[in-house]
Amino acid sequence: MYRILIVDDDPWMVEYLSKCISWKSLDITEVFEAKSGEAASEILQEHRINIVISDVKMGEKDGLLLLKEIREMDPMIKVILLSGIDSAKNVREAFRTGAVDFLFKPVDTDALKKLIGTTIESIEKEREEHAVAGLIRERCDDITMLPRWMGEDRSKRVYIIKGNIYAVREEIRKMPGIRGHMAIGILEEELVVIHETCAAKPENIELKMTAGNTYMGISGRFTDIQNVKIMYEEAGKALDQRFYDKEKKVFFVSESRNDKVFLLLQDVNLFSNIIKAGKYKEAEEVLEKIFSGMKEAMVSLAAVHTIQIHLLDTFYQLIDRSNQNPEQIFSGEFALRPHYERLQFGSIERMHGWMSACLRHCIDSLKDEGKGSKRKIIRDIEDIIAGNLDKEVSLEKIALQLYLNPSYLSRLFKENVGKSFTKYVMEKRIEKAKELLREENYKIYEIGEFVGYENTKYFNKVFKEMVGITPKEYREKCNHA
């Protein structure tokens, strides 16, 4: 049941619009009339109006001003504007302010009736979306805005869909034979669907709802509508499994085994004790075991965060006991605070990589305390460069390999080596080239390729800039020595 308000300063137009359409056939039970924007405002204050049809050109409060007032008062009210002037400016302003549509006078009654029909459909969809969100938030007492089957003793599931949710929502609404058996809502960045499971084969629905870059979690079956929130949380836990498998798109009720968390925490304690004893190699092996156990058990994300906090505590205490400043050690890429607050990683692989890098960072800090030796991470970078002089060696690739931020790695490298990453790579390539030039086994263009320079002219140019003579001159000089 809907209420409509017709606003026009022409009394004849108000009467014509009030009688030109059989409003009851559109489920409109009351039609209100106003002959000015001011009179319309009073009616809107006193009655619950769903649709407003208003002329644009009126007195002091014209249709555009009334539209802006309505949008501030209640965005759920749908406004259709009319105008006898073919003004592109009015059309642009109407749509920019939030009008449903804009019709020119004389009004085509068939077009108006069709527009009212589609407007009512959009109102029903919005009501349904608000009702679904309200059910999940436990703030909805009226389920009459949902499909009739919703309160009945029928089997249902809750689906949570993430990704391109608005495209999926429209796709669902086009599905023949399904629409009347689904209630759809949007909660923050999630599309939530309550589906009557006996209406269609689930796999057909899942195929439609996971097209493109989308993925979903599905709850178990339930009948009592009051259990929607519980089932929503269950679907969310099912969706958490994506942390362990980024390739899958559909996740059913979580099969996580939180009974394994206690055993995993025992491994975390073992990890802490081994580190205290300075057995760093064994610590890396135990860390590997912890992550293998998490993946095998597929523990909930809440349990993952608990394990994460215990690991962070171990790192922090390790540095604190060494009389170093944890705030200084754990900065930049290895700042711990954000990881205490929530799970920062989208997959277990990324979390494992970061934790392994953080462990190496701690070990390096302990080994380097009071020594002038290079940090292990720098030695690792140097080893990677030395083994890949004939290939493309980029800071970004090495940072990805070591699970570090490229900017942080660049700064760290320069602080410890005293020169930029690019200059260091260039020097190492030229050193290797000089070594090969002292032999007669290779041609100059081959040596250039061996040290990463496929363009011989560019190789000659770089070599001369670094050494002061060309590769050919360097070889001749070595032969005469």
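**Exercise 1.** Are Phe413 and Phe421 buried or exposed?

*Solution.* Start with the ground rules. This is a predicted model, in which local features need pLDDT of at least 70, side-chain atom pairs count only at pLDDT 80 or more, and totals for chains, interfaces and linings use all residues. Residues are numbered from 1 along each chain as its sequence is written, and side-chain values use heavy atoms, leaving out hydrogens and water.

Next, the scale: buried means under 20% relative accessible area, exposed over 50%, and partly exposed in between, with a 1.4 Å probe and protein chains only. On this scale, both Phe413 and Phe421 are buried.

**Exercise 2.** Describe the whole chain in a few values.

*Solution.* Begin with the elements: the chain has 21 helices and 10 strands. These are DSSP runs numbered from the N terminus, helices being H or I with at least four residues and strands E with at least two. Then turn to burial: 46% of the 481 residues count as buried. Finish with the surface: the accessible area is about 25500 Å², and carbon and sulfur atoms account for 48% of it. Such areas come from the Shrake-Rupley method with a 1.4 Å probe; for residues, only the protein chains shown count as cover.

**Exercise 3.** Which residues of β3 lie on each of its faces, and are they buried or exposed?

*Solution.* Recall first that side chains in a regular strand alternate between the two faces of the sheet. In β3, Ile51, Ile53 and Asp55 are on one side, Val52 and Ser54 are on the other, and all are buried.

Now look at the neighbours. Two strands pair if DSSP finds at least two bridges between them. Strand β1 (residues 2–7) runs parallel to β3, with 4 bridges, and Ile4 has Ile51 as its bridge partner. Strand β4 (residues 78–83) is also parallel to β3, with 5 bridges; there, Leu81 is opposite Ser54.

**Exercise 4.** What is the strand order in the open sheet of 5 strands?

*Solution.* The order is β7-β8-β6-β9-β10, and the pairing is mixed. At the edges are β7 (182–187) and β10 (250–251), each pairing on one side only.

**Exercise 5.** How are the rings of Phe334 and Trp354 arranged?

*Solution.* A pair of aromatic rings is described by the distance of the centres and the angle of the planes. Rings of Phe, Tyr and Trp (its six-membered ring) pair if their centres lie within 6.5 Å; planes under 30 degrees apart count as stacked, over 60 as edge-to-face and the rest as tilted. The whole structure holds 13 aromatic pairs. For Phe334 and Trp354, the centres are 6.3 Å apart and the planes are at 45°, so this pair is tilted. Phe334 lies in the loop between α12 (326–329) and α13 (337–341) and Trp354 in helix α14 (residues 348–368), so the pair ties together parts 20 residues apart in sequence.

Check burial too: Phe334 has 0% relative accessibility and counts as buried, and Trp354, at 6%, also counts as buried. Compare Phe413 and Phe421: their ring centres are 5.7 Å apart with planes at 70°, so that pair is edge-to-face.
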